[in-house]
Amino acid sequence: MNTKTQILKNTKKNILEVVKRLKMGEIIALPTETVYGLAGRYDLDSTIKNIYYIKNRPKHNPLIIHYANASDALKDIHIDSRAIKLAKEFWPGALTIVARVKNKSISKLALSKLETVAVRVPSNKTMLAILNKLKIPLAAPSANRYGKISPTSAKDVCEELNGKISFILDGSFSTIGLESTVIDLTTKESIILRHGGINKNQINKITPINDKKVSKKIISSPGLSHSHYSPDASMRINAVRPKKNEAWLAFGNTPNNFSGVALSLSKKKCLKECARNLYKMLRSLDNREVSKIAVQKIPEIGLGVAINDRLRRAAHLKTNK
Ligand code: TXA
Ligand code: MG
């Protein structure tokens, strides 16, 4: 497919146009607070099929369904007290709940034919305005080519999918910059399938997480395969200082005496800022065509768990080529 891709400004008129097109089954890239999504109606097989095609995503990797509010989302799944408490605490926001599916109109392709579904209520105002006007939930994976870094701005989406989609709605930068946390509530124990914008300690305060069961469950969440979130450059993580031929991603100040490319994920060592900058900076280093990136060690606490998870995946692919 070779389509002219247009970035639409975030105006009332454009939002109405986007809603009209989505209703007709079109696929449009939309902003969320985590990362941009490639959105289409949750109930149309042909639309869902095309989302997989555009992303080059394997069919066995199910999509997240996005809702305008918690009560609509909870209606579509089999709920228990955990789901209700988590929804109340974290929605709208960066938490995705996996539970047994109840609504039969969700496209089976979006669910990869599983009996479970991943649901979320995003907090981005533009996305919520669209969901509220459309009155139909939207299936939306991250708007990147499969295995690549998720986009956190309209321009990033354009780099990823230029010529493959007609419209991207500009909703400025994603304020979190990392994907949502995916929590599995299909068994008695609650399990984090993917670390993300809401950290484990925050969830533990609402409902206890079982950390030990994760490895068995990974198969049910193919997005957790190792080869993901990958820049083109090779990656060295947990680094102490850069080598001569590497670009440097610092956590804290960049070194004065280094002649190579150096960026700081957060000068003040703030994990929120680091998460917001991670994909943006990896992408900008790729654009400068650096071949090696070294990333300074980032603490494995709070949001640092999700940040390190993405860094390990990005590094794993390269060392296993
Ligand atoms: O922040 C986000 O979650 C973004 C924005 C656009 O909402 N979306 C996103 O979607 O990251 P995607 O498709 O790139 O990742 C969805 C993850 C995948 O790891 C997928 O395997 C998992 O959710 N998932 C979806 N449905 C599932 C299910 N029924 N059971 C287990 N995992 C599921
Ligand atoms: Mg993704």
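In which sense do strand 12 and strand 14 pair, and over how many bridges? They pair in the parallel sense, and three bridges hold the count. Keep in mind that what you're looking at is a predicted model.

**Strand 12 and its neighbours**

Strand 12 covers residues 247-251. On its other pairing, strand 12 is joined to strand 13, and these two also run parallel. Here's how the two partners line up:

| strand 14 | 292-296 | three | Ala247 and Ile293 |

Is strand 12 buried or exposed? Five of its five residues are buried, so the strand is largely enclosed by the rest of the structure. Have a look at which way they point: Ala247, Leu249 and Phe251 go one way, while Trp248 and Ala250 go the other.

**The nonpolar core**

Now for the largest nonpolar core, which has 90 residues. Ala29, Ile65 and Ile307 are the ones touching the most other members. Helix 9 (residues 271-287) gives this core its largest share, eight residues. Both domain 1 (6-204) and domain 2 (234-315) supply at least three residues each. In soluble globular proteins, nonpolar side chains tend to be buried together.

So what does Ile307 touch, leaving aside its neighbours within four places in sequence? Its contacts are Leu178, Leu271, Cys274, Ala275, Leu278 and Ile298.

How values were computed:
Residues are numbered from 1 along each chain as its sequence is written. Chains are lettered from A and ligands numbered from 1 in the order in which they are written. This is a predicted model: local features need pLDDT of at least 70, side-chain atom pairs count only at pLDDT 80 or more; totals for chains, interfaces and linings use all residues. A nonpolar core is a set of buried Ala, Val, Leu, Ile, Met, Phe, Trp, Tyr and Cys residues joined through C-beta atoms within 7 Å. A residue is buried if 20 or more other C-beta atoms lie within 10 Å of its own, exposed if 12 or fewer, and partly exposed in between; C-beta atoms are placed from the backbone. Helices (H or I, at least four residues) and strands (E, at least two) are DSSP runs, numbered from the N terminus. Domain bounds come from an automatic or database domain assignment. Two residues are in contact if their C-beta atoms, placed from the backbone, lie within 7 Å. Two strands pair if DSSP finds at least two bridges between them.
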